[in-house]
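Me: I am new to this structure and would like to go through it piece by piece. Could you show it to me before we start?

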Amino acid sequence: MAETHDLVLRGGRVLDPETNFDAVADVGVTGDVITGVSTTPLHGRRTLDVPGLAVAPGWIDMHSHAQTLAGHRLQALDGVTTALELEAGATPVAEAYNEATAEGRPLNFGFAASWTQARMAVIGGMPPGGGIGSTLGRIGDPRWQAPATGRALEEILALLGGELANGALGVGILMGYAPGVAHEEYAAVAGLAAAAGVPTYTHSRDLVERVPDILIDGAEELTRVAAETGAHMHYCHVNSTSTRQIDRVLGLVEKVRAEGARVSTEAYPYGAGMTGIGASFLAPERLAEWGMTPASIVYTPTGERVADAARLARLRADDPGGLAIIHTLDERLPADRIFLDRALLAGSTVIGSDAMPLTWTSGVPDPYAWPLPKDAVTHPRTAGTFSKVLRHYVRETGALSLLEAVSRASTLPAQVLGESVPALRRKGRVQAGCDADLVVFDPATVTDRSTYEDSTRPSAGYAHVFVAGEAVVSDGELVLSALPGRPIRR
Ligand SMILES: [Zn+2]
């Protein structure tokens, strides 16, 4: 008697990049586990016919600051099943895990320790915790960016070490926001991560082409530390920090990788970034380094393009954590687009959205509102990153095969993290025994719909999204009551 599965996804195009499997097959799910993948029919207590649709491991987003119910919902409709806050991180991690567990989440979640918040506490004397909101609110405050004495550095390292012992998935380092911090401190944090066997996730320091008198070039720093400490250095959004220098940056990465260093890269498919308007690199006198003017910045709480340097200075003083869209590359221009393409299509770059928290322009957040009201705004990458890659790079330009795109969205991130986080070894794969985190989508129609003007329009084309075997999207609709997301700890 053949095995009977709880659910069988019948007759879809099953994609498993790790085994190079791309064929019409049935997928069986029992409880939260994939219990069969077969080109001959499987038996299920329940069957979903999915002919013509792709069945793939759910997207694993290594870069999501959208750690709220609404943020997860937008990402679920973009095919994400695991959303990790690794670059900014959250310290104390216990607070972040407890909050997400208590509220419930549709998607799996996890956090790195936050070097930035550790510094805010130890050097800046600021109260700990508060997640990404507190990080952004203080991001431009010079107090946390001051140089550390030997004793203070020891305190920072001890705090981060404790966080790793508490299950943190590595250390997130917002180096680019603290240009005065010594290179030795960065190397020491990497050394700590190497000793603990976990990655670091860096928003790199600025590049020497833009800031000739910088302490050390950001790409040089990251790759040198990878080579010298043996730490796995994950290079966050290599597109947005490298812009027109992407070839030099990727060249450095390739060079140290060839020599045995562990550097992974990540990118999102948009020419504009987003951060707190108080960030050090958005000071009026520094915009020219990026080839920008105040008008390159859109302040999301009002939707205004910043008129001039005086207005920028005012906004930075009044609302340093206010989120702003930063137009660095114009993806409509082929001359700019090429830099973005190189970042995203390079060797083993994973897709990471850098999904952002929602800004409520009315000032009154409603965490349960769905569909999202028009006064909730964000960067379009929050809602659209993964589907934009499938639309543009797979369907429209053919730069990636469907299997390659699935790999960059799911299997590669699982492999990058799996070395240090055992839970990831069962994700990013459609194989018997792996977690039933699955997306079922139409490769012919899947698309992003979010734009800079209409930033929270959900993606379309996903028929079903399963997290731990439970549908969070069913027949193209969000299942509002579904909160199967689980904490992922080391
Ligand atoms: Zn960043």
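Me: How do strand 15 and strand 16 pair?
Reply: Strand 15, residues 297–299, pairs with strand 16 in the antiparallel sense over two bridges. Strands here are DSSP E runs of at least two residues, helices are H or I runs of at least four, and both are numbered from the N terminus. Two strands pair if DSSP finds at least two bridges between them.

Me: What is the bridge partner of Tyr-299 in strand 16?
Reply: The partner of Tyr-299 is Glu-304.

Me: What is the order of the open sheet of four strands?
Reply: The order is 14-17-15-16, with antiparallel pairing. Strand 14 (272–276) and strand 16 (304–305) stand at the edges with a single partner strand each, so one side of each has no neighbour in the sheet.

Me: Before we go on, what kind of model is this?
Reply: This is a predicted model, in which local features need pLDDT of at least 70 and side-chain atom pairs count only at pLDDT 80 or more, while totals for chains, interfaces and linings use all residues. Residues are numbered from 1 along each chain as its sequence is written, and side-chain values use heavy atoms, with hydrogens and water left out.

Me: Which residues coordinate the zinc ion?
Reply: The zinc ion is coordinated by Glu-87 through OE, His-203 through ND1 and His-237 through NE2, at 1.9 to 2.3 Å. Donors are N, O and S atoms within 2.8 Å of the metal (3.2 Å for Na, K and Ca); water is not among the atoms, so sites may look incomplete.

Me: What spacing do the donors follow along the chain?
Reply: The spacing is E-x115-H-x33-H. Glu-87 lies in the loop between strand 7 (80–85) and helix 2 (93–103), and His-237 in the loop between strand 12 (232–235) and helix 8 (238–242), so this pair ties together parts that are 150 residues apart in sequence.

Me: Are Glu-87 and His-237 buried or exposed?
Reply: Both Glu-87 and His-237 are buried. Buried means under 20% relative accessible area, exposed means over 50%, and partly exposed lies in between, with a 1.4 Å probe and protein chains only. His-237 has 2% relative accessibility. The phi of His-237 is near 20°, a positive value in a residue other than glycine.

Me: On to helix 6: how many residues does it have?
Reply: Helix 6 (residues 183–196) has 14 residues. The helix reaches 20 Å from its first C-alpha to its last, close to the 20 Å expected at 1.5 Å a residue. That expected span is 1.5 Å times one less than the number of residues.

Me: Which of its residues are buried?
Reply: In helix 6, His-183, Glu-185, Tyr-186, Val-189, Ala-190 and Ala-193 are buried. Seen down the axis, the buried residues of helix 6 fall within an arc of 165°, so they line one face of the helix. The arc is that of the directions from the helix axis to the C-beta atoms. On the other side of helix 6, Glu-184 and Ala-195 are exposed.

Me: What covers the buried residues of helix 6?
Reply: The cover includes helix 3 (115–122), helix 5 (150–165) and helix 7 (218–229), along with strand 10 (171–173), strand 11 (200–202) and strand 12. Contact here means heavy atoms within 4.5 Å.

Me: Where does Arg-105 lie?
Reply: Arg-105 lies in the loop between helix 2 and strand 8 (108–111). With 2% relative accessibility, Arg-105 counts as buried. Not counting residues up to four places away in sequence, Arg-105 touches several residues, including Gln-67, His-72, Glu-99 and Leu-483.
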